[in-house]
Amino acid sequence: MSAHITSPAFKDNAKAALADPNLRKAMAIIAGPMAGRRVESASELPEFEALRDEAVKIKNHTLAHMDIYLERFEAAATARGAHVHWCRTPREARETVLALCRSRNARTVTKGKSMVTEEIGLNAFLEQHSIQPVETDLGEYIIQLAHEPPSHIIGPALHKTREQVAELFEEHHPDYAPNGIKPGPRSTEPQTLVSEARAVLRERYFQADVGITGANFLVAENGATMIVTNEGNGDLTQSLPKMHIVVTSIEKVIPTLEDVSTILRVLARSATGQEMSVYTTVSCGPKRPDDADGPEEMHIVLLDNGRSEMLGGELQELMRCIRCGACMNNCPVYQSVGGHAYGWVYPGPIGAALDPHLIGLEAAQHLPNASTFCGKCQEVCPMRIPLPKIMRHWREQAHDKRITPPMQRWGIEAWAWLAQRPALYRLATRIGMTALRAVAGSKGRLRSLPLADGWTAQRDFPAPQPGGSFMAQWKSGRRR
Amino acid sequence: MSNSRERIFNSLRRGLGRGPEDAKAQAAVNARLSAMARNLVPQRAQLPHPQQVKLFIEKITALTVTVQRVASTAAVPDAVADYLVLHNLPTEIRMAPHDELRALPWQKRPLLQLSEGPGRATDLVSLTPAFAGIAETGTLMLHSGPQNPTTLHFTPDNHIVVLRASQISGSMEDAFAKLRAQVGGADHWPRTVNMVTGPSRTADIEGVPVLGAHGPRRLHVVLIEDVPQDAAQAQQP
Amino acid sequence: MLTPPQEAPHNPRVGLFVTCLVDLFRPSVGFASVKLLEEAGCRLEVPDAQVCCGQPAYNSGDRKDTAAIARQVIEAFDGYDYVVAPSGSCAGMLRDHYPALFAGDPEMKARAEAFAARVWELTSFLVDVLKLETIQATLPAKATYHDSCSGLRELGVKRQPRQLLAGVNGLELIESPAAETCCGFGGTFCVKYGEVSADIAGRKTQAIKETGADLLLAGDMGCLMNMAGKLQREGAAVTVRHVAEVLAGMTDQPGIGEPNWGGSEPR
């Protein structure tokens, strides 16, 4: 029982998304201003491209020594008084977190943003065991109220309009009083909505028995976990309750703070176009005896969930991912269908490359196929992950394992068979093209085409030029 | 779970094609962790100190952080009081129990009500020291300790930070190196190091940037110009 | 991105890789390529055994068939100084992807690598290898240029077509902010995920229309047919052509997908 999977219904999901006017608005923001800010901030730092190369080198080195760095991290974190829990599966991770919460008789846990907790389906699990998780990142909070999964890894509620957010607050906040006046006209100003969420969540931070955050980095040098946020919710989540649980995955390990510094320079710029996110926090164990504040216990739950198997194979480079979201902001398919259409935790190009490994190719087979291979994701990825190459790897797996729908496979195989027999190919295509020309007549194009409705539903199909194929004309002596 | 640990490491080593005691790999890790070598550091983070100060001020100002430059520690209480008046804030301040802040001449502004301790839900204004300023990005580095409750960096609406110009460095790497040197190595690393770059913000609703999501809506720096002006000028290229 | 040879042979022997879409749908692009290459001093030939670069199979995960097609192409173009294609997508396939298809066959891999080193996209070949600085052509039009993804990102084709178009008398080039954005074609993607593809195409045509251009140019037939089909369904008055036709001064044929009232035989 991990997060709910609707990836097999990608086509239906996409269709619904394309018909949703609110989503169209939201996607225009992602494709416009969000993607634009990355370009701007990258162009303001002359060393940006060189820093990307450095970041790639750091991660490649770390991955090549991942076992040793994880051991060093564990030793250092333990020496600082943190407890490290190794979990192979989402189930182990959920049960570890539950046991920790129970050790504190926890009723409420606050949560900073963590994609790994989405991956393991933690919220639903805690609720089943009568523990109330409260998401504190504004976007996560909004979608928790709406009972929806995130649609974007750094902007989980970007698919919601301000009107929809105002409606959710009205429904869920008994004392919701826009502008402090009750009863007031509903304000849909983002500033007002943010203040409302701030006020409501403020109490929750202080009531919570346990605070759960993710981690952007695990620093081998000193055993620290690091989070990078803008709102400050992660810091309130981890510093006020008696217990801080970090739920993250093993590929976040990084050697030194110098190495972290380099990656930070490309992370925020790629994610939001900032030079630095507002809060970058290095956390090293629980409260020290003399400390004025901080959690009494710190636990680090490290999830594998198949990542260790990615080492040394086609997928290894995916572990360079720093979850910035640039690939989705810039993906033409994501910009059309949004994150929910992908049907699982990680959407967009990174999801198309990663999800087949995490939820199985059968369930995720649409994802690596639903790409134009335009290469924009690889162009913008700060860690230069060859995402199209990995998507192609999955297409090859699907073909070899006969997961690809039979009609599609036969079609391609028949075409390839023909393409290897030029004379026969020319005969077959001559018949086909003659038919297309005949149907199009002098109009030069077709408005519908059997078997190619996907094209002609919303586009005309240009007919072949008159006079036969190039090869036929060339052979008959035409030269210009 | 120890079984899980073993299985994860076995799986990692299968992928890497080697055992746990590979001498070459261990040596590579030891070398990197002990060298703590810097990777490429942008030019802009390697300016002479006076320009670092200038860049720091430019950067934090662009982030909507306000700065008041004062000539000496003696002027800090006035600067703090002026800030409260400017923003029409009450005179109650939650202050870090820090020696340097305690030593300030607060008697000059008897109306200020100072209390010490960690952050509370109701605090409107906090006052803390900082460990460093990072010019490259306009970032403040603050850390936890007996005299430094980190909740003060997050709970109040207004966070006032007292920083000396001499604490400003060029890059994150400079600031980390300074902290390592001060605490005496990774083994004595503070529980928490906060790097704060501007006031709390979110763009989670329609991508519109809004300040004051959960942390402070306003961030104010009182900058003590403890580097002599003429020395600073002498260093100008 | 590409390193042109230090000294290009004087009258190089060039094999034209026609591409299947040019062959079947738009022979005029093939003849325009012939004209451009011959006028630039190439001894041009069109090997008979060529069919397609294999992308439909390659992008569908059928590696085995792709390798068989690649072998056929490599053999068909044996002995030419250069292989030139009026398509960034096909040239990218031949150049960037063929060698990887023969990972387990060192001999064939070496052949594929030697072959790949001789492959060029048309405009890049004219500018980067033949050092053509300008061309003689006239076409009064306000044009905008679409950088097709493979040409742009795999081969670094960006400046070359623009440099040549600057020499076309009467042609004004208006840059679209979305010039580098995918048009949504994506090979079999455009039919398998037709609705998504059409939506991407719609954003693209919107950006094209916003430039005010009356002529859309690109170097790839797949993208061009997709954008032409979308523009025409929307009733937009934008003519769509392959850049080679304009550079060769061969614009007597109607644009892509336009009516051909004047009979069926090309001149």
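How far apart do the C-alpha centres of domain 1 of chain B and domain 2 of chain B lie? They lie 41 Å apart, with domain bounds taken from an automatic or database domain assignment.

This is a predicted model, in which local features need pLDDT of at least 70, side-chain atom pairs count only at pLDDT 80 or more, and totals for chains, interfaces and linings use all residues. Residues are numbered from 1 along each chain as its sequence is written, while chains are lettered from A and ligands numbered from 1 in the order in which they are written.

**View 1. The two domains of chain B.** Chain B is divided into domain 1, residues 2-35, and domain 2, residues 43-235. Between the C-alpha centres of these two domains of chain B there is a separation of 41 Å.

**View 2. Chain A as a whole.** The C-alpha trace of chain A spans about 95 × 60 × 45 Å along its principal axes. Its secondary structure comes to 23 helices and 12 strands; helices (H or I, at least four residues) and strands (E, at least two) are DSSP runs, numbered from the N terminus. Chain A has 480 residues, of which 61% count as buried, a term for residues with 20 or more other C-beta atoms, placed from the backbone, within 10 Å of their own. Among the contacts in chain A with a separation of 6 or more, 74% join residues 24 or more positions apart; two residues are in contact if their C-beta atoms, placed from the backbone, lie within 7 Å.

**View 3. Chain A and its neighbours.** Of the 2 pairs of chains that touch, chains A and B have the most contacts. Chain B and chain C do not touch, and their nearest C-alpha atoms are 20 Å apart. In the pairing of chain A with chain C, 56 residues of chain A are in contact with 64 residues of chain C. Helix H20 of chain A (residues 406-419) gives the largest share of the chain A side, 5 residues. That side divides into 26 nonpolar, 17 polar and 13 charged residues. Here Ala, Val, Leu, Ile, Met, Phe, Trp, Tyr, Cys and Pro count as nonpolar, Asp, Glu, Lys and Arg as charged, and the others, Gly among them, as polar.

**View 4. The domain boundary within chain C.** Chain C is divided into domain 1 (13-128) and domain 2 (133-247), and the C-alpha centres of these domains of chain C lie 22 Å apart. In this chain, 29 residues of domain 1 are in contact with 22 residues of domain 2. Helices of chain C that each supply at least two residues of the domain 1 side include H2 (27-39) and H5 (88-101). The residues of that side divide into 12 nonpolar, 12 polar and 5 charged.

Notes:
A residue is buried if 20 or more other C-beta atoms lie within 10 Å of its own, exposed if 12 or fewer, and partly exposed in between; C-beta atoms are placed from the backbone.
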